[in-house]
Each structure stands twice: as C-alpha cells, then as structure tokens.
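Subject: Structure for you to look over

Dear colleague,

I am passing on the structure below, together with some notes on what was found in it. Please read the notes with the sequence and the 3D view open beside you.

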Amino acid sequence: MASSPFFFFFLLLLSLSSLSTASVHQIKLLRSSLISEPELHTNSTESPTIYFEVTKPIKLPNTKPCSYLILQHDFAYTYGKPPVLANYTPPSSCYSQKFSKIVLEWSATCEGRQYDRIFGVWLGGVELLRSCTAEPRATGILWSVKKDITRYYSLLMKNGTLAVFLGNVVSRTYTGVYHVEIKFHFYPADDEHLVRDVGNSRNSVPGYGSDADLILPISRNLPLNDGLWFEIENATDFETKEFSVPLNVYRAVLEVYVSFHEDDEFWYGNLPNEYIKANNLTGADGNGPFREVLVSLDGAVVGAVWPFTVVYTGGINPLLWRPITGIGSFDLPTYDIEITPFLAKILDGKLHEFGFSVTNALNVWYIDANLHLWLDNKSTKTAGKLLTYNCMPLVVSSVLDFKGFDGKFLTGVSRSISSSGWVNSSYGKIMTTWEQEFNYSNVMVMGNDGNLQIINQLIHFNDSVDAKSPSFTLASIRVYRDFPFYLYSNSVDEGNDTSLSVANLTFAFNEKRLKNSGFKLSSGSLSDVQNGQGYMTVKNNLVVSGLGSTQQVYEYDGTNLCYFRNVSSSNYTILYDDIVKKCKKGAESQYPSRINKWWPSHTRRVYLI
C-alpha cells in the first residue's frame, strides 16, 4: 500500500530535475523585515484598506438575529500579559430562546506598522477561534472574521468567561495597536432551520446529527500570561491535560486546533539536518520538511493531524496578502478525531489524559482541543468495549542528493490509524469504526549556492467514521483532503546590506465531505486555490520596495449551498472579483482563462510592512 505513493514521489523527483537544472543558477532565502511606508500626514483623507479572506457565506435562517457585544478592547503592548477576560451570559433577552445558527464576529482596525500576530478566543477554556491579525499600513486597515460557532451550542447556553489572547508589541518601530470588537449573533429558528437537528429520523440517535451536549476544554487553565494553548517546543516535547467524562457518554469527538510559528512557521521548507551539518550552517531551521501532530489518550496514539500549510499575513512576502489574505489565515482549520471507540477506557469516573506531540518539531507549535460529548439522557451509565486498535508506524522514504549548497531532497511518508469499539446505551449497542489514512511527499530543490529554493509538496489526509447498530447503519462519514503546495523563492545579494527577494507560490485546500445518516444524505466539496507572485527589495531588514499579486478561485458545492468566487489583486487593488452564489453546472466555465493557467520558493521569518 505504501509502495505506490513512493513510486509517485520518485517520478516527481525525476520530473523536477530538468526544472532545477534550468533554475538553480538564476536568483536567497527570505529574511525577517519590516516594510517601509511613508508617514501618514494628519490631514490625509485616504480610506483604510479592507482586508478579507475568501470563504463561503454562512447559511442563515430568515430571522432577525439577537446581537451582543461580548468584548471591546485595544490590544497595545499585550505580549507576556494575561489574556483579556470578559464575563459571558447566554442571550436571555432575545425574543426567542431556540436558535438554529450562532455566529461569532471578530472585527478589528489598525494603523501604523506591526507584525502579524496569532490570537485565540476561548469560552470557558473551549477555543472558538484561532486566527492571525492582518498587517496594517500607515493609512489604516480593517478586517472582520465571521465564524459559525453553532457546534458549541451547549456551551453558549451557559455562563462562562471569555478569554482573548493577542500577544502584541508596541514600540517606536512597531506602532500598530489592534482595536477589536467581538460580537455574537444568535439567529432564532425558522421553519426551514430546525433547532439542533436530531439527526437520523430513522433511529433518532442525536449523536450523529446534532451538536454535542457537553464540551470539555483540553487546554491550559487560567491564570496565564499567554494563550490557553499548549506549546510544543521540540520533537520530544509532550504536553498533557487531565480530564474526566460523565458516565453516560455514548459518543465523543476531539476537535483539535493547531498553529505553527517561529522556527517551524515554514516547516514545509525546513532543511535536512545532514545538509545543515555538511555545510556548517548556523541558525538554519532543520529536522526536514515533514510534520505531524499526534494525539494520545492515556499514552496510546488515537489520531493524527497532518496540518494544512497556512501562510500567515506576514508570511513569505506580506505584499501578497493585501488585501486578499492567505487561505485559512483568518480562520485556521480545525481537525476532528473520533474518540468513541475508546470510550470503554474512560467511562469509569476516573481522571484520564490527552497528550499532544509533533513529529520533528522545532519551536514552536500551539495546540489545544475541545472534547465534544453526547450524553444519554435516558440512562445514568453507558458501557463499551474497544474491539480493534491499529496505529501503524510511520513509513518514511528519504533521498538526499546535494553537493555544497545545491541539491535535491525527496521525502515521502505514509501512516494509517484505525480503531473500532461498541457502546451500549438506551439507543442500543452501537459499533463505531474510525480510520485515518495519510500520504505525504515533498520534493525540495536548492540552488544558486543555497539562495534558491523550490518546494513541491502534497499531503493526502483522509478519515472515515462508520456507526452501526445490529440491524442498520446510523451514520457513514467520509472526509477526503488534499493539500498541495508549491513555492519558488530566490534572493540576490545586491550589496550594501540590500537584497532582492522573489517568491512565487501556488497552494490549495481541497476537501470533500460525504455523510449518510439513515435517510438523510449530505455532501460538500471545496476547491480553494491561491496563486501569488511577488518581489521585495530589502535593506537592513526593512522592505523598501516591492510588489505582490494574488489570484484565488474558491468553489464550494454542497447539498444546501453553492458558492463560487474568482478574485485577483495587485498592489492593494482588486483587479477583478466574480461571484456566483447559485448551484449551476459549469458556472466556473465562465472564467476558464483565469482558472486553468495555474499550477506548474525557502522561507524564513515573515516580513512586515
């Protein structure tokens, strides 16, 4: 099973050989810098720039929302300080107490000069949003993020403490202060949007169609002078959190939040240790380009995450992300791991432990999770048994071919994880099977005495859940993901502490979801592709000139929603923006010349404008 992807990896390496021969002698890896803009005169009337991430709209009921300002704060020098806290109470004043949709809205403004900053929003220790700030400009910027948080319904119906951590630094150089508002919008149900769909009409087991009855935080406890996430600093670091569950749980899903920073922000371009040692490099980020997040329960691996390559708003070339930000940078993806087969291990009223680690990690990864639990309200205790468990070790293939600073590296990795078990509740004995399949390839070319880097990476990340009673299938869920990533980066030393950096990239988030719950079928298919071209002139770590151009095609086709957007920008200006909101076959064919011309870059720390 593992041999076929490796065969593909070798073919890919061979196919790149001609590319590298033609390219490696043309143009240095990116370095950290600020981007210089002229000071803004006090009488300037230029409007702030609106930044945005392309995503599908949230499908809302035809009701008037009850909206509440949950927090308003100016994030100035907040690095190393406690998260900002606010008391939260459910929307008791709303004209209805039955909601079919709940939306978190983050809106912020900033002006001046500032790096991109990672931030998180938690309620009762449960993370609701992981995001990155936009990098401001002298004339000011504004942006907003809307996230459907309906899956946290049970949490939002209780009093709690909202915590927001955004570690910002303000100085004479870094002048940007983030002015933030967080609102929750509660949409009462209408006839077409039932409250918390009870799922399978055939068997009425709400655990496979409704939101969880209880959500436990698998995060660090306040007080802290940091975010509530765990910090993974190296490949041997292992962070844990103890928890216990009620005795009447019949389904459990762990939702994992992941982000990567500092030495591992560009992990997909990290160099092999053998190359670093042979060339006596200091300060180079190593351990190669492969990373995986491992999740364990009481010491046994129960699932993994091979993360999407999010590029933050200051990443690679910050001019690329103005005003169209990188895929997932304003709303980082989360990843679900089915824990139900393992319920027999934790239905004892005792403390148990989730653990997190990152294969090959360098400093630093931020990881936490939310444990979604479905409770049997007709019984006080459920019982279960783990039937099968198989966590295959990583199968790794590595080929290194280099002389001096130039060469080619191939990395191929695969893994599978599976488990099955039953839980007996008032809904009967339900058998759950959980499977994950992973394949990874990374072809890296180094040229121009190590100043040029080409990365061609592909991640396949698939998982499935099957829940069955003795007589019929309750739910069958399939999620298929492809994360392709291509980056060309080059740097030329022009003397006098000045260099010219060039970066071209194409990457995508492709996902297909299929769900069969009895008589109810649903599906969703997403193809989200970004393409960018940019250059920068950098002097003393300050970007003094440059240009970034970005094109994006976003296409979602779902059971109840279709959305297509084709948008492009250059030098802060939108060149075209085509949107189709109806499900119509061939809608994308209206723009073939803009879509089909794409697809066939090392990065260091981000630049700042």
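Predicted model: local features only at pLDDT ≥ 70, side-chain atom pairs only at ≥ 80, totals over all residues.

Residues are numbered from 1 along each chain as its sequence is written, and side-chain values use heavy atoms, with hydrogens and water left out.

The chain as a whole

The protein chain holds five helices and 31 strands, where helices (H or I, at least four residues) and strands (E, at least two) are DSSP runs numbered from the N terminus. Of its 609 residues, 58% are buried, a word that stands here for under 20% relative accessible area, as against over 50% for exposed and partly exposed in between (1.4 Å probe, protein chains only). The accessible surface of the chain comes to about 24,600 Å², and 51% of that belongs to carbon and sulfur atoms; these areas come from the Shrake-Rupley method with a 1.4 Å probe, and for residues only the protein chains shown count as cover.

Strand β22 covers residues 406-425 and is mostly covered, with 17 of its 20 residues buried. Two strands are said to pair if DSSP finds at least two bridges between them, and in general the strands of a sheet pair through backbone hydrogen bonds, either parallel or antiparallel. Strand β21 (residues 395-403) runs antiparallel to β22 and is joined to it by nine bridges; the two form a hairpin with two residues between them, and Gly-404 in the turn has a positive phi of about 65 degrees. With strand β23 (residues 428-447), β22 pairs in the antiparallel sense over 19 bridges, Ser-425 standing opposite Gly-428 of β23, and these two strands also form a hairpin with two residues between them. Strand β20 (residues 383-391) pairs with β22 as well, in the antiparallel sense and over eight bridges, and there Thr-388 has Ser-420 of β22 as its bridge partner.

Two open sheets

Four strands form an open sheet in the order β4-β9-β6-β7, with antiparallel pairing. Its edge strands are β4 (84-88) and β7, each of which pairs on one side only. Within this sheet, β6 (residues 118-123) and β9 (residues 160-166) pair over five bridges, and Val-121 stands opposite Val-164 in β9.

An open sheet of five strands has the order β2-β8-β5-β10-β3, and its pairing is mixed. Because β2 (49-50) and β3 (66-75) stand at the edges with a single partner strand each, one side of each is left without a neighbour in the sheet. Nine bridges join β3 to β10 (residues 178-188), the two running antiparallel, and Ser-67 has His-185 of β10 as its bridge partner.

Is Leu-129 buried or exposed? Leu-129, which is found in strand β7 (residues 126-132), counts as buried because its relative accessibility is 0%. Leaving aside residues up to four places away in sequence, Leu-129 touches several others, including Leu-104, Trp-106, Phe-119, Val-145 and Phe-330, contact being taken as heavy atoms within 4.5 Å. Leu-129 and Val-145 are 16 residues apart in sequence and 9.5 Å apart in space, C-alpha to C-alpha.

With best wishes
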